[in-house]
Amino acid sequence: MLDYINKFNTVWFAPTYNCNNKCVWCYASSNLLENRCKSIAENNEDKAIELLDDLKIKQLLLIGGEPTLYSNLVKLIGKANHKGIKTGLVTNGRRLKDKNLVRELKKEGLEYLSVSIEGYDERTHDSITQSSGSFLESLEGIENSLGENIRTSTNTTGSSKNINDFEKIVDLLAQYKLKSITFNICGVCLGSSENNSYTISPSHGIKAFEQTYKYFKTKNKNVKLKLISPVPLCNLDYNILEELKETNSVKGTCHIFGGRNFVLDYNGDILPCTHFTGFPMFNVFSEKGIMNVKEFLQEYNNPENIGNKFRERLKYYPSAKCSKGCEERCTGGCPLFWSKYNPTKEIKGFSE
Amino acid sequence: MGKNLLDIANSLYLSDKKIEMNKLYNPKGLEYSACDCGCEQDGEGYCMDCD
């Protein structure tokens with residue numbers, strides 16, 4: 001039985017799937033041309049923000065696609081800010097080379113930026129984004145964001161294309177006054193199997209992060225290194241795990257279990273997380289307009305809704321090792337790892 | 001084609017051991033917060049209030 005949920009924390013909103021990069025592993029399939037014309041209509045955007053305000057969400061993270069390509073982005077941030085909703089951007093940062101745009105975003109209340117950096121130089125970064133010039137533009141975007149005193153982090157998606165470059169990437173990024181340098185582990189793309197050639201196993205990703213963490217510690221930099229994919233915590237070295245927990249630099253439970261975060265897609269689909277584009281729990285739009293709060297909560301908590309059946313089905317540990325004397329709350333990490341990798345082989349377990 | 005969320009969940013390698021949901025409370029007693037700092041601003045590393 002699932003808890004009744006009427007309180008929400010983070011909503012990721014993908015107003016567009018247009019993108020000016022073509023990352024080889026894109027989980028949202030924004031590297032496919034046919035997806036690039038997908039954006040929310042402005043009148044629907046207004047209704048969506050009203051609904052999110054009525055739901056009293058705490059923070060809105062704009063994602064995509066590339067949110068800075070959404071034509072109404074500045075006004076959207078202003079509207080959310082006016083309603084007291086904190087806003088952040090998950091962006092490749094390229095359009096932020098335009099200082100005026102950064103200034104406008106700051107003026108409208110943008111609080112936070114995460115810029116995707118995939119390599120340590122033009123060659124390595126641009127080969128993953130498949131977009132010439134993207135590296136230099138992203139770095140310019142970081143500089144402009146920091147110049148406007150917007151809290152700025154970077155995120156690097158660890159894939160088979162850059163798994164051996166993490167140390168060089170942190171060397172590059174440590175030069176900036178970032179809030180944190182974060183890594184995630186390339187997950188499977190559910191919409192386009194061609195994008196899945198670059199995934200790495202969670203154990204491989206954790207090992208690479210761990211080595212980078214040890215290396216980074218010797219540099220004594222005043223910035224946090226974080227692993228943001230929910231992972232099986234038993235795979236981390238015990239001492240490193242304790243340090244990461246102490247500084248909130250490693251995630252606990254995948255948020256899907258709690259259900260207090262969700263994704264609003266450009267077309268009104270409600271998704272459990274950003275990886276599930278095209279696989280909605282339900283849709284908020286109809287011919288009548290948009291659901292009101294009561295209708296939303298009814299559907300969100302309806303045990304017959306596919307999203308709740310999905311969450312209920314996930315409530316099994318991936319490995320029996322997770323249920324034997326383990327006190328961590330990771331539940332084995334991101335459940336989507338286990339669509340490709342075998343948890344019995346991947347999860348180390350504390351008892352071993 | 002025609003796959004839905006439940007099909008995805010059913011296709012995952014999962015054991016037959018049910019998750020003990022009471023383990024998912026964080027140290028400050030907030031249930032299911034993905035953010036270990038306990039601020040409730042959870043969500044894959046983009047906690048805007050805490051650092």
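In what order do the strands of the open sheet of 10 strands in chain A run? Select the strands of this predicted model and read across: β7-β6-β5-β4-β3-β2-β1-β8-β9-β10, with mixed pairing. At the edges are β7 (224-227) and β10 (282-283) of chain A, each of which pairs on one side only.

Next, select residues 151-158 and 180-185 of chain A. These are strands β5 and β6, which run parallel and are joined by six bridges. Within this pair, pick Asn155(A); the residue opposite is Thr182(A) in β6(A).

Helix α5(A) lies across β4 (110-116) and β5 of chain A, and its direction is at about 160° to that of β4(A).

To see the contact, show Glu122(A), His125(A), Asp126(A) and Thr129(A) on the α4(A) side, and Ser134(A), Phe135(A) and Leu136(A) on the α5(A) side. By class, this contact has two nonpolar, three polar and two charged residues.

Finally, go to the largest nonpolar core, which has 102 residues. Select Leu60(A) and Leu271(A), which touch the most other members. Helix α7 (residues 202-219) of chain A gives the largest share of this core, five residues. Around Leu60(A), show Val11(A), Phe13(A), Leu52(A), Ala80(A), Ile85(A) and Thr87(A): Leu60(A) touches each of these, leaving aside residues up to four places away in sequence.

Methods: Residues numbered from 1 in each chain as written. Chains lettered and ligands numbered in written order. Predicted model: local features only at pLDDT ≥ 70, side-chain atom pairs only at ≥ 80, totals over all residues. Contact = placed C-beta atoms within 7 Å. Helix = DSSP H or I, 4+ residues; strand = E, 2+ residues; numbered from the N terminus. Nonpolar A, V, L, I, M, F, W, Y, C, P; charged D, E, K, R; others polar. Core = buried A, V, L, I, M, F, W, Y, C linked by C-beta atoms within 7 Å. Buried ≥ 20, exposed ≤ 12 C-beta atoms within 10 Å, placed from the backbone. Pairing = 2+ DSSP bridges. Axes fitted to C-alpha atoms, helices over the stretch in contact; angles between N-to-C directions.
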